[in-house]
Amino acid sequence: MVDNKTIYQVDAFTDEAFKGNPAGVMIVDDSFSDELMQHVATEMNLSETAFVTPSNKGFNIRYFTPTTEMPLCGHATLASAHVMYQLGIKSEDESINFKAKGGDLTITKNSDLMAMVFPRYSLNKIAMPDNFKNIVGFEPIEVYASDYNWIVAISEDKSDIENANPNFELMKTNGLGHLMITSKSKLENVDFVVRCFAPSLGINEDPVTGSAYCALTPLWSKKLGKKDMFSLQVSKRQGQVSVSNLGNQVEIKGKAITVFEAKLKI
């Protein structure tokens, strides 16, 4: 189960290779150092690489971007659970309990759909950031501050989200280095659309951002008057996410597919 050598690349929030959001996954023991985790994540050059370590209470999970460690990551959690079910570390009728720096996470599996229970993020309405339209490309109707420095900007029009072309350098210097842009959807069976940018973390655009739904689920649940919703992240790779508002928690559902596995030679 643990060999400190095998790394998997998994496309999360999709059942089609080269879509969704790719994440690296390794299952390692306590001897795998923080420095080595960061080196591997930098080498993989994905938005996140997850490192899972078995413990007597379940599994610890840590997430690294190419430049830094993150407290929570949805798509890398989904990818890690997918690998564990695929390897038989957990049977499909068992839940997986991950302890992350951002909270305790529970994952269950039903057929090819995995469900993750994550903490709900706070939302506080704020004034329009200066030069938002010039930096991002549209004028939002509402802006919120959320946990982990996320800014959430809402547009009236789905086309604003699809056509946004942010200036990533200006985002970093104008308080928009962690930005979600979102709108109600006009597509059938899609409740809302979103794109996520994190240039402050070395991720200009994240293809599908599971942890973003910790903020987006309560936001759109209140606006739409719905508990269960379906989201489309309209990045170039795109991704499909089903969410449910559980009150102080959110449930995030998606699929995943392993694209390759490789061995470290160091």
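Phe32, Phe51 and Phe64 form one aromatic cluster. Before I go on, this is a predicted model, where local features need pLDDT of at least 70, side-chain atom pairs count only at pLDDT 80 or more, and totals for chains, interfaces and linings use all residues. Residues are numbered from 1 along each chain as its sequence is written, and side-chain values use heavy atoms, with hydrogens and water left out.

Aromatic rings, then. Rings of Phe, Tyr and Trp (its six-membered ring) pair if their centres lie within 6.5 Å; planes under 30 degrees apart are called stacked, over 60 edge-to-face, and the rest tilted. The structure holds eight aromatic pairs. In one of them, the ring centres of Phe59 and Phe98 are 6.5 Å apart and the planes are at 70°, so this pair is edge-to-face. Phe59 lies in strand β4 (residues 58-64) and Phe98 in strand β6 (residues 96-100), so the pair ties together parts that are 39 residues apart in sequence. Strands here are DSSP runs of E, at least two residues, and helices are runs of H or I, at least four, numbered from the N terminus. Both Phe59 and Phe98 are buried, meaning under 20% relative accessible area with a 1.4 Å probe, protein chains only.

Phe132 and Phe138 have ring centres 5.6 Å apart and planes at 80°, so they too are edge-to-face. Phe132 is buried, as is Phe138.

Next, cavities. A cavity is a set of points, on a 1 Å grid over the protein atoms alone, where a 1.4 Å probe fits but cannot get out; lining residues have an atom within 4 Å of a point. There are two cavities of 30 Å³ or more.

What lines the second largest cavity? The residues are Met70, Pro71, Leu72, Tyr121, Tyr148, Trp150 and Ser211. The second largest cavity has a volume of about 40 Å³.

Last, helix α6, residues 213-224. How many of its twelve residues are buried? Nine are, and the helix is mostly covered. Among the buried ones are Tyr213, Leu216 and Trp220. After α6 comes Gly225, with a positive phi near 65°.

How values were computed:
Buried < 20%, exposed > 50% of the residue type's maximum accessible area, 1.4 Å probe, protein only. 1 Å grid on protein atoms, 1.4 Å probe; cavity = no way out; pocket = protein on both sides within 12 Å on 5 of 7 lines; lining within 4 Å. Points joined across faces, edges and corners; volume = space filled by probe spheres on them.
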